[in-house]
Every structure is written in C-alpha cells, then in structure tokens.
Amino acid sequence: MSVPEEAWPYIAITGMAAATFLVRFAGYWIMSRVPPTPFVRAALEALPGAIIVSTVVPLAMRGGLAAWIGVAVAAAVMVLVRKDIAALAAGMGAVIAVRSFGLG
C-alpha cells in the first residue's frame, strides 16, 4: 500500500499538531505532579516578559527608527494604561505614522 504524494503535507501537519499537543499536555501534566520550587516559580513568572523582549528587540533592531519609536510608544502606553492591547495598538499606530511620514 502506498500513500498518495498529495497526502504527505496533511500527514506532516497532523503529525506536527499531534506532537505539539503532546508536548503541551505533558508540560501541564508534569507541572501538576511536581510542586514548583520558589526558584522555578520565579522563573516561570518571568518567562512571558523574557519571551516578549526576545521577540521585540530583534525586530526593533531590524526595523530602524520607526520600530524603536513604536516600542517606546507601546512601553509608554503600557505604563500609563496597563492594557497590553492598547499598548500594542498604540505601538503599531506609531510605526505606521512614522513610516507614513517617511521617517523610518
């Protein structure tokens, strides 16, 4: 029995989805069985911020002045409003505005 060539992308996507689900489920399962130490708890609480910084900084480095202005505006809105959606919208709006004026 041979698998048609057109089916391989679907098989690959299904396999990757299953592997992703398994890894995520295993993480929740393991963390429900093992009580986290204070060090692990602190590390897990700092993880979202570290992920955001590691995602935003390389983009800002490549994005030039407009990207840095967008990051600054987003950070300022986050400090003032404490709403991440508002900060995201303000940062994106700042990048669009700066680029529309041809500055970045």
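Which residue just after helix 3 takes a positive phi? I looked this up and found Gly-102, with a phi of about 75°; helices here are DSSP runs of H or I with at least four residues, numbered from the N terminus.

I noted that this is a predicted model, in which local features need pLDDT of at least 70 and side-chain atom pairs count only at pLDDT 80 or more, while totals for chains, interfaces and linings use all residues. Residues are numbered from 1 along each chain as its sequence is written, and side-chain values use heavy atoms, with hydrogens and water left out.

I then checked the length of helix 3 (residues 84-100): its 17 residues should span 24 Å at 1.5 Å a residue, and the end C-alpha atoms are 24 Å apart, which agrees; the expected span is 1.5 Å times one less than the number of residues.

Next I looked up burial, where buried means under 20% relative accessible area and exposed over 50%, with partly exposed in between (1.4 Å probe, protein chains only). The buried residues of helix 3 are Ala-87, Gly-91, Ala-94, Val-95 and Val-98. Seen down the axis, they fall within an arc of 95°, so they line one face of the helix; the arc is taken over the directions from the helix axis to the C-beta atoms. On the other side of helix 3, I found Ile-85, Ile-96 and Ser-100 exposed, whereas the buried residues pack against helix 2 (38-81), contact being heavy atoms within 4.5 Å.

Last, I looked up the domains, whose bounds come from an automatic or database assignment: domain 1 covers 1-34 and domain 2 covers 46-103, with their C-alpha centres 34 Å apart.

Key: Helices (H or I, at least four residues) and strands (E, at least two) are DSSP runs, numbered from the N terminus.
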